Amino acid sequence: ERFRDPWPRPAARESETLELLAICSPCSAARQRVEMPLATMRTRLGLVLLAVSSAAAAGPVDLGGADDFVILSKAAITNAPQSLVVGNVGSTSAVTGFEPVTKDSSNEFFTSPQIVGRLFRSTDCAEPTPTMLTGAVADMDTAYEDAKVRPHSLPSTTYVDRAAGAIAYETFTAGVYLWNAYVHIASPIYISGGAPDVFIFKVINYVTTAASVSVILIEDGTGRGLPRAENIVWQVGGYLVLGASSDMKGTFLVNLYVTFGAGSSLSGRILAKAAIEINTAQFAYPNPPPGSPPPIIPLPPPSPPPSLPPSHPPSPPPSPSPPPPSPPPSPPQSPPPSPPPSSLPPSSPPSSPPPPSPPPSPPLSPLPSPLPSPPPSPPPPSLAPNP
């Protein structure tokens, strides 16, 4: 296109025109003369340039080798089981909490019941794992800087410091958003658009969420399908803390530490330059293949042993209870010797010979007699029936 205004006219004149010479087709030299007010032409050109710049700013962010990971960190990754990660986990530092882990025969990665994928650690995996992780972390840094320098979309009233950072029940369309301070998500938010649309959220400081909040994807009615989590990017200059049972969408590029609350979930990726702390959370690649079954978190088995110890103590008490009946028979045997001296005078008439000759014999005679005569009664009552 070529613009020319060969005859300058006074600014006050409203009939300013310009001649637009345009090539209609590659194979034709036909030219078309269009006349319109110069101010209108400038406005239209400004809108065209704005649309072009906004489209370029909202292009997808290239993750490079970091795209192969659901969780990637330069620092330690700590997990409080049971969590579930559908995808690869990698760190150039230590990774704990996914035990039991089993090293592959190649010594290049680990497997874990909590990871539907592979666990890569630079500390104890053989090459090419350390080199691969170094490249993925470098690509993560590049993606972070790419998103950071993207110019925000216009108008500023819509795309800059939306709701002063305290967002709740807000609906976001495609574009680049900027918050010069922090973002706190207190209630569900909505991302509206189509499958090819790109959403970039840039936050200078930290991002936090309340418990049980979620990011909900909705179609804008154009028939292009739902927005895709892989086209949603959060560039966080500070730390990221997700509340318990929160459900987030997108790729998080985080400069500082990350904390996932108990029961939280993410459909996307968490790529952090600092430590990541996970607490019984779920992670999955964005937009899994259709028809894939939902992941199931393995629950810890029940623990019956604690109930057994209380049941054993009651059984020993019956065993000590039998001994108490045994002491009673022994005291009755001791009293019989004492009463016989008092009972000898009355018993002398029936059997006089035994008492004079052997004094100790009378105790023996009463013992056999009580056994046959009164079986149920104890020895002391048996002395009464003998006379």
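**Close-up views of a predicted model**

Thr171 has Tyr190 of S15 as its bridge partner. Before zooming in, please note that this is a predicted model, in which local features need pLDDT of at least 70, side-chain atom pairs count only at pLDDT 80 or more, and totals for chains, interfaces and linings use all residues. Residues are numbered from 1 along each chain as its sequence is written, and side-chain values use heavy atoms, with hydrogens and water left out.

**View 1. An open sheet of three strands runs in the order S12-S15-S18 with parallel pairing.** Its edge strands, S12 (171-172) and S18 (215-219), each pair on one side only. S12 joins S15 (residues 189-193) in the parallel sense over two bridges. Strands here are DSSP runs (E, at least two residues), as are helices (H or I, at least four), numbered from the N terminus; two strands pair if DSSP finds at least two bridges between them.

**View 2. Two prolines follow cis peptide bonds.** Most peptide bonds are trans, so these two spots deserve a look. From Glu99 to Pro100 the bond is cis, with omega near 0°; Pro100 sits in the loop between strand S7 (95-96) and strand S8 (102-103). The bond from Leu154 to Pro155 is also cis, with omega near 5°, and Pro155 belongs to the loop between helix H2 (129-148) and helix H3 (156-159).

**View 3. Ala163 and Thr280 have positive phi values.** Ala163, although not a glycine, shows a phi of about 55° in the loop between H3 and strand S11 (166-167). Thr280 has a phi near 45° and lies in the loop between strand S24 (276-279) and strand S25 (282-284). Ala163 counts as partly exposed because its relative accessibility is 36%, and Thr280 does so at 25% (buried means under 20% relative accessible area, exposed over 50%, partly exposed in between; 1.4 Å probe, protein chains only).

**View 4. Arg150 and Asp146 meet in one of nine salt bridges.** A salt bridge is a side-chain nitrogen of Lys or Arg within 4 Å of a carboxyl oxygen of Asp or Glu. Here the N to O distance is 2.9 Å; Arg150 is buried at 10%, whereas Asp146 is partly exposed at 25%.

**View 5. Lys249 pairs with Asp247 in a salt bridge of 3.2 Å, N to O.** Lys249 is buried at 14% relative accessibility, while Asp247 is partly exposed at 26%. Elsewhere, salt bridges with shared partners link Asp197, Asp220 and Arg224 into one network.
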